[in-house]
Amino acid sequence: MDSDLFSRRRAERFAQLLDEANGGRRHHVRSRVDDELATLVAVSQRLTADRPDVQVDQDFRSGLRAMLVATAEREGIGAPAAAKSETAGAGASTRASLLPAVTARRARARGAILVGIAAGAVALSGISAASENAVPGDALYGMKRSTERAQLALASSDISRGQLFLDFARTRLDEAASVHGDRIGFGAVLDDMDADTRQGVRLLTTVAAQRADPGGLDAVNVFVTGQRRAVSGLLERTDQVERDRTRRSLALLDAARDRADALRAAIACGLPTPAASDALGPAPGTCPAER
């Protein structure tokens, strides 16, 4: 499938959903990406209802404006009719007169896409800045998690999504360290951290096995090394229940490291892509012993 075509259709569908959420006419279509895009639409609505008091960096504004202007010029959005007729020629004028409704609809769709890109970029930057240090229980914590889901929806590949999940696991660890005297809250944050770890490791190990390329496994090993060191610091807590819960997260990191090492060995000895899989991704067999 043409990735550019897919991206354009995805953007156009996002523009339609955004228009519907703001009271526009309903489009009688359904897309398999509607559930993912619904997260972005929800973020947009929450921003409209409760705008974060954040100043966007001027350099970011300038760069975004330059990108939008360049895109508008390339797509011909907002170009005067006279200028278009001069460059298009008689044949193009004839085709335009035959399909005025289609041309106008495409122009509106492109304009909506640009608005969506601009609004999304500014919104995500503002939300991230406002909720970056939010922890469970804070008013902006829900916004922080919505931003993470939006980042996942916009990720361009499984490798990008896998790395994002591992980044989120690091964030959950920072949040767990700030939770004091709340066993339930501490356990819930570590549950989320472990879930992010599994998702990230599974995506990266799957890509590595499918491509017979250990590059993604390097990211897993780097993550596990740093994350295990940081998680071990939670063992210093005085609460025995919290220490026991921490050991479960350490065991998961050890399992992730072992899986990455096993896949690396399988790739090195030329084993086929494993058929078996679990929460950490493909489960490789053992390389035959050298004679």
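The legends below describe close-up views of a predicted model.

Residues are numbered from 1 along each chain as its sequence is written, and side-chain values use heavy atoms, with hydrogens and water left out.

**View 1. The chain as a whole has 10 helices and two strands.** Helices (H or I, at least four residues) and strands (E, at least two) are DSSP runs, numbered from the N terminus, and along the sequence they follow the pattern α-α-α-α-α-α-α-α-α-α-β-β. Of the 291 residues in the chain, 35% are buried, where buried means under 20% relative accessible area, exposed means over 50% and partly exposed lies in between (1.4 Å probe, protein chains only). Among contacts (heavy atoms within 4.5 Å) between residues at least 6 apart in sequence, 66% join residues at least 24 apart.

**View 2. Helix α8 (residues 183–211) packs with helix α9 (residues 215–232).** The crossing of α8 and α9 is left-handed, a term used if the near helix is turned anticlockwise from the far one by less than a right angle. In α8, Met-193, Thr-197, Val-201, Leu-204, Thr-205 and Ala-208 meet residues of α9 that include Leu-217, Val-220 and Phe-223. The residues of this contact divide into nine nonpolar, four polar and no charged, with Ala, Val, Leu, Ile, Met, Phe, Trp, Tyr, Cys and Pro counted as nonpolar, Asp, Glu, Lys and Arg as charged, and the others, Gly among them, as polar.

**View 3. Ala-212 is placed in the loop between α8 and α9.** Although Ala-212 is not a glycine, its phi is positive, at about 55 degrees. Most residues other than glycine have a negative phi.

**View 4. Helix α7 (residues 158–178) and α9 cross at roughly 5 degrees.** The axes of α7 and α9 come within 11 Å, and the two helices are therefore roughly parallel to each other. Gln-163, Leu-166, Ala-169, Arg-170 and Leu-173 in α7 meet Ala-219, Phe-223, Gln-227, Ala-230 and Val-231 in α9. The residues of this contact divide into seven nonpolar, two polar and one charged.

**View 5. A disulfide joins Cys-269 to Cys-287.** The structure holds one disulfide, defined as a pair of cysteine sulfur atoms within 2.5 Å, and its S to S distance is 2.0 Å. Cys-269 lies in the loop between α10 (240–268) and β1 (277–278) and Cys-287 in the segment after β2 (281–282), so the pair ties together parts that are 18 residues apart in sequence. The torsion about the S-S bond is about -75 degrees, so the disulfide is left-handed. Cys-269 is partly exposed, at 36% relative accessible area, and Cys-287 also counts as partly exposed, at 25%.

**View 6. Pro-274 is found in the loop between α10 and β1.** Leaving aside its neighbours within four places in sequence, Pro-274 is in contact with Ala-209, Leu-263, Pro-282, Ala-283 and Pro-284. Pro-274 and Thr-206 are 68 residues apart in sequence, and their C-alpha atoms are 9.4 Å apart in space.

Notes: Predicted model: local features only at pLDDT ≥ 70, side-chain atom pairs only at ≥ 80, totals over all residues. Axes fitted to C-alpha atoms, helices over the stretch in contact; angles between N-to-C directions. Parallel < 35°, antiparallel > 145°, perpendicular 65-115°, else oblique.
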